[in-house]
Amino acid sequence: MTAYYLTTPIYYANDVPHIGHAYTTIAADALARFHRVRGDDVFLLTGTDEHGINIERIAAELGLTPTQQVDAVTAAFSALWAELDIEYDRFVRTTEPTHRRAVVALWQRLQASGDLYRGVYEGAYCPRCEAYYQPDELVGRDCPVHGLPCDNVAEENWFFRLSRYQDALERLVRETDFVQPTARRNEILGVIRQGLRDFSASRRLVRWGVPVPGAPDEVIYVWIDALANYLTGIGYPDDPKTFERFWPAKLHLVGKEIIRFHCLYWPALLLSAGLPLPQQVFAHGWLTKDGNKISKTTGNTVDPRALAAEFGADAVRYYLLRAIPFGQDGDFTRRAFVARYNADLANDFGNLVQRATTLAARHAHVPVAQGKPGAPEIALREAADQLSDRVTAAFESFALHEAASVVGHFVGEVNRYIDKTAPWTLARQGSFDRLGVVLDHTLEAARLAAWYYVPILPRAATDAHCRLAGARPLPGGGTFDPTRRHVVNVGPPLFPRLAQQVGDVTLAK
Ligand code: MSP
């Protein structure tokens, strides 16, 4: 079995999750589920980033201790993941003692490599990004990501020798497909070519963090702390067996605003620590509303729990994965959400499952596969046989929207197959041999669509598979076999059609 270790970023525990956080996690879960049905040894890691000056400040504003603050937010994140059917293997909290041990172990390796030295930092710091900025990176006096003023920081602390890894990082990014997609790789190459500067690796003014070994009045820079979660999650340093089974990670899935940390800092820290590098970082785009990034700072958030409560988790997953080309930005509107739900889920997939199961139940007396497949069946089989390659190619290239659309296209073909073969006419004419063939092909094709939809619509696709085949979807079920025995159950519509007006209400928090 191939190990497939993938991660989401760990989310700042400064506020409850919004739809942008759900986006990354849903994408990671779809990929993880795809690799699980393929038979890979999958490990999906997520968690919360609980240290840093921002959390300290927000807790103080709310009159809470940092611990009360992060406990409440972490509970909101895990509740959301349960509602969205996210099957993660481990949820790391950076306040866990095991994580602190991992951070200290990593720090000691950096020190042993001679990559930490004392220096003085003076300049801009964005507390929301927890990042230092050079004057030429600022927009006026503001942070380039948040558009808000940076703090001016002047302190002596530890520096990490990022500059030492300039050539190694350039080779890594230029010669391999470590950074995906291409636009992000070019962006990182541009940053490297400007010359990499060492960065502050500890903070004196921050209390809420992992203390620097031997210097209890300083904490380790929160991004070193946060990145180390990818090691903690699979047992570093206490469980070397699990760690060796899964490290290096196959994929770090991140949003495009944090590539500098994942594509430069992280590989440099690992090189310094003498640990193997992850295979790939894929950066997706932003969910926007009216063209602006959805974020707490902008105040235009959308609550994914409310959306899932109203339309179901599958509908939320489907919209995010299908409507936005993965890697690009995409605007989120309720009207588009409802339109897609109705077109693809209610009218196409839901309808197919309903038609196939109802037809089969109505003609349950028809003998199995007595007649011979004709031209429509041969065409259907061809489409079914191509499904596996197409879905696999889409997932392997992180074209998650494509994976969803390939299955959706097949659903359309099966619906057209039913229209063309008109089983109701065959029944009226008493052509039972032919009807048997059509029913078997219909059920099997619908089952196959459900099987391939599982990573995207886990709940509805599993339900559909059970209704069409009398069994849950299992690894190995991705081949088309109309001689399969189908034990059919008719159920209520999987995706009841929504009135279009539901889409007119604006999306408020
Ligand atoms: N804590 C850091 C990550 C540390 S990883 C070692 C952090 N946290 S965050 O809470 O700000 O959110 C991180 C991720 O949430 C982004 O990288 C992105 O994946 C996701 N998103 C947050 N807002 C988003 C959108 N509006 N659209 C899409 N994804 C967004 O950064």
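This is a predicted model: local features need pLDDT of at least 70, side-chain atom pairs count only at pLDDT 80 or more; totals for chains, interfaces and linings use all residues.

User: Why is P423 called buried?

Analyst: P423 has a relative accessible area of 0%. Buried means under 20%. The value is under the cut-off, so P423 is buried. P423 is found in helix 16, residues 423-429.

User: How far apart are P423 and V437 in sequence and in space?

Analyst: In sequence they are 14 residues apart. In space, P423 and V437 are 9.7 Å apart, C-alpha to C-alpha.

User: Which backbone atoms lie 2.8 Å from a nitrogen atom of the ligand?

Analyst: A backbone N or O atom of I10 does. A polar backbone atom of I294 is also 2.8 Å from a nitrogen atom of the ligand. The protein covers 95% of the 670 Å² of accessible area that the ligand has on its own.

User: What makes up the shell around the ligand?

Analyst: Its residues divide into 14 nonpolar, nine polar and three charged. Helix 1 gives the most, with four residues. Helix 1 spans residues 19-37. Strand 13 (251-255) is among the elements that each supply at least two residues.

User: How do you know that strand 14 is mostly covered?

Analyst: Count its residues: five of the five in strand 14 (280-284) are buried. Q280, F282 and H284 point one way, while V281 and A283 point the other way. In a regular strand the side chains alternate between the two faces of the sheet.

User: Why are strand 13 and strand 14 called a pair?

Analyst: They share five bridges, in the parallel sense. Pairing takes at least two bridges, so strand 13 and strand 14 pair. H252 stands opposite V281 in strand 14.

User: How many bridges join strand 8 to strand 14?

Analyst: Two bridges join them, and the strands run parallel. The cut-off is at least two, so strand 8 and strand 14 pair as well. V179 has V281 as its bridge partner in strand 14.

Notes: Residues are numbered from 1 along each chain as its sequence is written. Side-chain values use heavy atoms; hydrogens and water are left out. A polar contact is a pair of N or O atoms within 3.5 Å; within protein, one must be able to donate a hydrogen and the other to accept it, and residues adjacent in sequence count only if both atoms are side-chain atoms. Accessible areas come from the Shrake-Rupley method with a 1.4 Å probe; for residues, only the protein chains shown count as cover. Ala, Val, Leu, Ile, Met, Phe, Trp, Tyr, Cys and Pro count as nonpolar, Asp, Glu, Lys and Arg as charged, and the others, Gly among them, as polar. Buried means under 20% relative accessible area, exposed over 50%, partly exposed in between (1.4 Å probe, protein chains only).
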